[in-house]
Amino acid sequence: MPAGGGASLPGINNKEDGSMSVGNRIVKRQRCVDKETVAAFAKLPVANVSDAMARVFAGGPNLRPMHRDGVLAGPALTVRSRPGDNLMLHKAIDMAVPGDVIVCDAGGDLTNALMGELMLAHAIKRGVAGFVLYGAIRDVDAFRETNLPTYAAGITHRGPYKNGPGEINTPISLNGMVIEPGDLVLGDSDGVLSVPYAMLAEILAATQAKQSAEDQQMAAIHAGTTDRSWVDRALEAAGCQMQK
């Protein structure tokens, strides 16, 4: 039987030798960002983390917050789902441990919602820290009321199917940003970002240094001592003609 049950589908089911086939499998997460690192990143703006990663990593501008406010931070529990189908997303909620962020690549399709109020309530009961859904949700008022950090690509009243296939805890990609199981997922009002597990210490140190520099710059702005000469130097370097 395929993971999650259902009728056999050619080409995607578990093989006769017991091994798993690509496209219909549930894998055990092998490593996970620790709670201390999650807490340290949660204090930092996503924009500064993005700057520390050369501004080339992003989940895409269409992943927008569906909750009122607050920060999303936690290890990724990844889901790959057929567009409009939430069977694997249901299983991921059942598998999640407190603090997990469930990240689902459903192809960005907005025809059918991946989850709504009932799944949200179950996730909250399970201690899920939040969701990043490359697809749609419904019952949006419940997301705003509960305020569980949730990012999605859109909203629709049309419900999902529950047939599979899909994958849990395999690498996924949202608008070109690769997310592996256990990577750090961050979100605030500016959007969503993932930090690779192997780069956590490096990116944390770089982001903290940038935050410190910005704090000093803000203090200089309030004191009226900020140096703005760099603007004219940049314009001159760009060949801009300025009347004196």
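The paragraphs below walk through a predicted model, taking in a helix, a pocket and an aspartate.

Helix H1 spans residues 35–42, and within it Thr37, Val38, Ala40 and Phe41 are buried. Viewed down the axis of H1, these buried residues fall within an arc of 165°, so they line one face of the helix. Lys35 and Glu36, on the other side of H1, are exposed. The cover over the buried residues of H1 includes helix H2, strand S3 (72–81), strand S11 (184–188), strand S12 and helix H6 (200–223). At the N-terminal end, H1 is capped by aspartate 34, which has a side-chain oxygen 3.1 Å from the backbone nitrogen of glutamate 36.

The largest pocket holds about 160 Å³ of space, and of its 13 lining residues the closest to the centre are Ala58, Gly59, Asp190, Gly191 and Val192. Strand S12 gives the most to this lining, with 3 residues, while the lining as a whole divides into 7 nonpolar, 4 polar and 2 charged residues.

Aspartate 105 belongs to strand S4, which covers residues 101–105. Because its relative accessible area is 11%, under the 20% cut-off, aspartate 105 counts as buried. A polar atom of the aspartate 105 side chain lies 3.0 Å from the backbone nitrogen of glycine 107. Apart from neighbours within four places in sequence, aspartate 105 is in contact with Val79, Arg80, Ser81, Tyr134, Ile172, Ser173 and Leu174.

Note on methods
Residues are numbered from 1 along each chain as its sequence is written. This is a predicted model: local features need pLDDT of at least 70, side-chain atom pairs count only at pLDDT 80 or more; totals for chains, interfaces and linings use all residues. Side-chain values use heavy atoms; hydrogens and water are left out. Helices (H or I, at least four residues) and strands (E, at least two) are DSSP runs, numbered from the N terminus. Buried means under 20% relative accessible area, exposed over 50%, partly exposed in between (1.4 Å probe, protein chains only). A polar contact is a pair of N or O atoms within 3.5 Å; within protein, one must be able to donate a hydrogen and the other to accept it, and residues adjacent in sequence count only if both atoms are side-chain atoms. Contact means heavy atoms within 4.5 Å. On a 1 Å grid over the protein atoms alone, a cavity is a set of points where a 1.4 Å probe fits but cannot get out, and a pocket is an open set with protein on both sides within 12 Å along at least five of seven lines; lining residues have an atom within 4 Å of a point. Grid points are joined across faces, edges and corners, and a volume is the space filled by probe spheres set on the points. Ala, Val, Leu, Ile, Met, Phe, Trp, Tyr, Cys and Pro count as nonpolar, Asp, Glu, Lys and Arg as charged, and the others, Gly among them, as polar. The arc is that of the directions from the helix axis to the C-beta atoms.
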